[in-house]
Amino acid sequence: MFTGIIEAFGIVHSIEKHGTNTTFWISSPISDELKIDQSVAHNGVCLTVEEVHEGRHRVTAIEETLKKTNLFKWQEGILVNLERCMTFNGRIDGHMVQGHVDTTAICTDKKDADGSWEFRFQFPAAFASLVIEKGSISLNGVSLTVFNVDADAFSVAIIPYTYTHTNIRQVKEGSTVNIEFDMIGKYVNRMLALQK
């Protein structure tokens with residue numbers, strides 16, 4: 001379980017294909033602190049640490065993960081948002097994020113709002129019931145609030161701190177991002193569907 005508050009950047013150091021799986025070596029300021037079997041969100045995708053070595057850690061994405069996320073587009077040298085799992089011994093900033101990405105969205109617009117930035121994203125309309133005005137969403141693992149919600153699109157506003165400390169600054173028109181919808185909203189949606 002995560003909060004969507006990004007802890008550090010990682011850089012994809014190398015990529016290896018093994019059958020239908022893809023293994024990534026990530027270098028980051030927190031890699032040496034990680035432990036084997038630990039869950040870490042990579043652009044919002046929960047992956048298990050398999051090995052730690054000299055400021056790098058290794059994770060593997062299976063075919064299912066590659067199909068539902070933007071990990072299949074990763075290339076060596078890109079920046080990745082990293083967050084270790086939450087601890088329940090203090091304040092929980094952001095919102096509860098599982099690291100189980102639901103789908104991807106495409107950036108359709110990016111505007112400089114004179115001190116902040118506004119992004120517009122289009123997502124599959126099948127998920128429309130999970131996006132509500134002023135609701136929470138996770139984009140590449142970043143906890144954000146949505147507004148200007150349509151059947152298949154929404155906007156988010158990015159403050160300077162988030163712009164500087166996450167890879168959202170690299171998102172431009174045409175970029176693909178990982179989306180995880182609000183967990184509580186998904187449960188409520190499921191219960192309502194079963195009552196029909």
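These are my notebook entries on a predicted model, taken one topic at a time.

**Entry 1: the sheet**

I began with the strands, and I reminded myself that strands of a sheet pair through backbone hydrogen bonds, in either a parallel or an antiparallel way. Here I found an open sheet of seven strands, which follow one another in the order β4-β3-β7-β1-β2-β6-β5 with antiparallel pairing. I then looked at the edges, where β4 (45–48) and β5 (51–53) each have a single partner strand, so one side of each has no neighbour in the sheet.

**Entry 2**

How many bridges join β1 to β2? I counted seven for these two strands, which run antiparallel, and one example I wrote down is V12, whose bridge partner in β2 is I26. The hairpin of β1 and β2 has two residues between its strands, and in this hairpin G19 takes a positive phi near 65 degrees.

On β7 I looked up two pairings. Strand β1 (residues 8–18) pairs with β7 in the antiparallel sense over four bridges, and in that strand L79 stands opposite I11. Strand β7 (residues 79–84) also pairs with β3, again in the antiparallel sense, over three bridges, and here I found V40 opposite R84 in β7.

**Entry 2: D32, a residue in a loop**

D32 belongs to the loop between β2 (21–27) and β3 (39–42). Is D32 buried or exposed? Its relative accessibility is 54%, and because exposed means over 50%, D32 counts as exposed.

I then asked what D32 touches. Apart from neighbours within four places in sequence, D32 is in contact with V52, E54 and G55.

**Entry 3: aromatic rings**

A pair of aromatic rings is described by two values, the distance of the centres and the angle of the planes. I counted seven aromatic pairs in this model. In one of them, W117 and Y163, the ring centres are 3.7 Å apart and the planes are at 5 degrees, so I wrote this pair down as stacked. W117 lies in strand β9 (residues 117–122) and Y163 in helix α2 (residues 160–165), so the pair ties together parts that are 46 residues apart in sequence. Both partners are buried: W117 has a relative accessible area of 18%, and Y163 has one of 15%.

The rings of F121 and F154 gave me another case, with centres 5.9 Å apart and planes at 35 degrees, so this pair is tilted. F121 sits in strand β9 and F154 in strand β12 (residues 153–158), and the pair links these distant parts of the chain, 33 residues apart. I found F121 buried, and F154 as well. Ring pairs also connect F121 and F154 with F119, F123, F127 and F181 in a cluster.

I stayed in strand β9 for R120. With a relative accessibility of 17%, R120 counts as buried. Which side chain makes a polar contact with the side chain of R120? I found that of S155, at 2.9 Å. When neighbours within four places in sequence are left aside, the residues in contact with R120 include I106, C107, T108, D109, F147 and F154.

**Entry 4: the cysteines**

Last, I turned to disulfides, keeping in mind that a disulfide is a covalent bond between the sulfur atoms of two cysteines. How many disulfides does a search of the whole structure find? The search returned zero. C46 is in no disulfide, and the nearest cysteine sulfur to its own belongs to C85, 8.1 Å away. I noted both residues as partly exposed, C46 with a relative accessible area of 27% and C85 with a relative accessibility of 34%.

Key
Residues numbered from 1 in each chain as written. Predicted model: local features only at pLDDT ≥ 70, side-chain atom pairs only at ≥ 80, totals over all residues. Heavy atoms only, no water. Buried < 20%, exposed > 50% of the residue type's maximum accessible area, 1.4 Å probe, protein only. Contact = heavy atoms within 4.5 Å. Pairing = 2+ DSSP bridges. Phe/Tyr/Trp six-rings, centres within 6.5 Å; stacked < 30°, edge-to-face > 60°. Disulfide = S-S within 2.5 Å. Polar contact = N/O pair within 3.5 Å; in protein donor to acceptor, adjacent residues only side chain to side chain.
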